[in-house]
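This report describes the fold and selected local features of one protein chain. The sequence and structure come first, followed by the description.

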Amino acid sequence: MKRMMAGSLLFWAGMVAAPLAVSGLTGCATSGYDHLVTNDRHDIHRVETYLNGLSSLQASFVQDGPAQQQGDGHFTYVPGRFEMLYEVPHAMRAVARDGRFVLRNADNGAVTHLSLKRNPLGLLLRHPVSFDRDVQVTNVSRGTESLQLSVAEADNPSQGLLTLQFSDVRGHLTLVGIQGVDARHHHFGLSLFDVQENQPVSESSFSLPE
C-alpha cells in the first residue's frame, strides 16, 4: 500500500515537475488553430464554449500512470481550479490553482508543492479557456460519440502534451478524460465517470492543503 501511495505521488511529480522532452512536439511552434481544417476549428470552438460554460464539474475518477500506478477517488473542477480526493491507494487531497499543485498525504501529514507554470496541466486551469495565441492545438480526433483535443504550449511544445477527451452525444460535450505524456514518454491520465455538471460547489473545496 505504501508503494502504491508513493507511485501516485510520483505520477503527479512526473506530470508537473519533470523537464519534458516529448517526441513529435519539437520544431517550430504554431500558435492557435487557424492552420487546421474547418471541421477541426469548429470542434475546437465547441470545446472552448463547453468549458467556459461550466460553473462546475464533479466526477469519480480512475487514475492511470507509469508502471501501472493507479488510484481512484473524486474529482471537482471549476474554471481555474480543481480538487482531487483520493480513496485509493491512500487517503490524499490535492488542489490545483494559481499556478500551483499541492498534495497532502492524510497518512503522515506530508505536503508536496509543485509548480504548474509552463506545464501542460496548467492549460486546464486557464479561465477563460482559449486555444489560441500561446497555445498550440496539435490534434483533433473524432470517434463514435467522442471528441479528443490535444494541446501544448505554443512557444515550447516540447514541455509536454495535454489531451482532453469528451463524450459527444447528440451534440452535447461532456469531459470524460484528461491524458498527458511526461518527460520519459510515460502516459498518464484520469478517466472520469458519473459526471455531474453545474452543481453547487463549496469554496472550501479549493483551499490549498496545509
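## Aromatic cluster

Phe-75, Phe-82 and Phe-101 are linked by ring pairs into a cluster. Rings of Phe, Tyr and Trp (for Trp, the six-membered ring) count as a pair if their centres lie within 6.5 Å; planes under 30 degrees apart are called stacked, those over 60 edge-to-face, and the rest tilted. The model is predicted: local features need pLDDT of at least 70 and side-chain atom pairs count only at pLDDT 80 or more, while totals for chains, interfaces and linings use all residues. Residues are numbered from 1 along each chain as its sequence is written, and side-chain values use heavy atoms, with hydrogens and water left out.

A search of the whole structure finds four aromatic pairs. One of them joins Phe-61 and Tyr-86, with 5.3 Å from centre to centre and 85° between the planes, an edge-to-face arrangement. Phe-61 lies in strand β1 (residues 57-64) and Tyr-86 in strand β3, so this pair ties together parts that are 25 residues apart in sequence.

## Overall make-up

The protein chain has two helices and eleven strands. Helices (H or I, at least four residues) and strands (E, at least two) are DSSP runs, numbered from the N terminus. Read from the N terminus, the order of elements is α-α-β-β-β-β-β-β-β-β-β-β-β.

Of the 210 residues in the protein chain, 51% are buried. The accessible surface of the chain comes to about 10000 Å², and carbon and sulfur atoms account for 50% of this surface. Accessible areas come from the Shrake-Rupley method with a 1.4 Å probe; for residues, only the protein chains shown count as cover. Among contacts (heavy atoms within 4.5 Å) between residues at least 6 apart in sequence, 53% join residues at least 24 apart.

## Helix α2

Helix α2 (residues 38-53) has 16 residues. From its first C-alpha to its last, α2 reaches 22 Å, close to the 22 Å expected at 1.5 Å a residue. The expected span is 1.5 Å times one less than the number of residues.

The buried residues of α2 are Asp-40, Asp-43, Ile-44, Arg-46, Val-47, Glu-48, Tyr-50 and Leu-51. An α-helix has 3.6 residues a turn, so residues three or four places apart point the same way. The cover over the buried residues of α2 includes β1, β7, β8, β9, β10 and β11.

Strand β8 (residues 146-153) pairs with strand β9 (residues 161-169) in the antiparallel sense, over six bridges. Two strands are taken to pair if DSSP finds at least two bridges between them. Leu-149 stands opposite Leu-164 in β9.

Strand β10 (residues 172-181) runs antiparallel to β9, and nine bridges join the two. His-172 in β10 is the bridge partner of Val-169. β9 and β10 form a hairpin with two residues between them, and Arg-170 in the turn has a positive phi of about 50°.

## Backbone exceptions

Most residues other than glycine have a negative phi, and most peptide bonds are trans. A cis peptide bond joins Val-88 and Pro-89, with omega about 5°. Pro-89 lies in the loop between β3 (81-88) and β4 (92-97). Another cis peptide bond joins His-127 and Pro-128, with omega about 0°; Pro-128 is in the loop between β6 (111-115) and β7 (135-143).

Asp-194, in strand β11 (residues 187-197), has a positive phi near 55°. Asp-194 counts as exposed at 57% relative accessibility. Asn-198 lies in the segment after β11 and has a positive phi of about 60°, although it is not a glycine. At 40% relative accessibility, Asn-198 is partly exposed.

Note on methods. Buried < 20%, exposed > 50% of the residue type's maximum accessible area, 1.4 Å probe, protein only.
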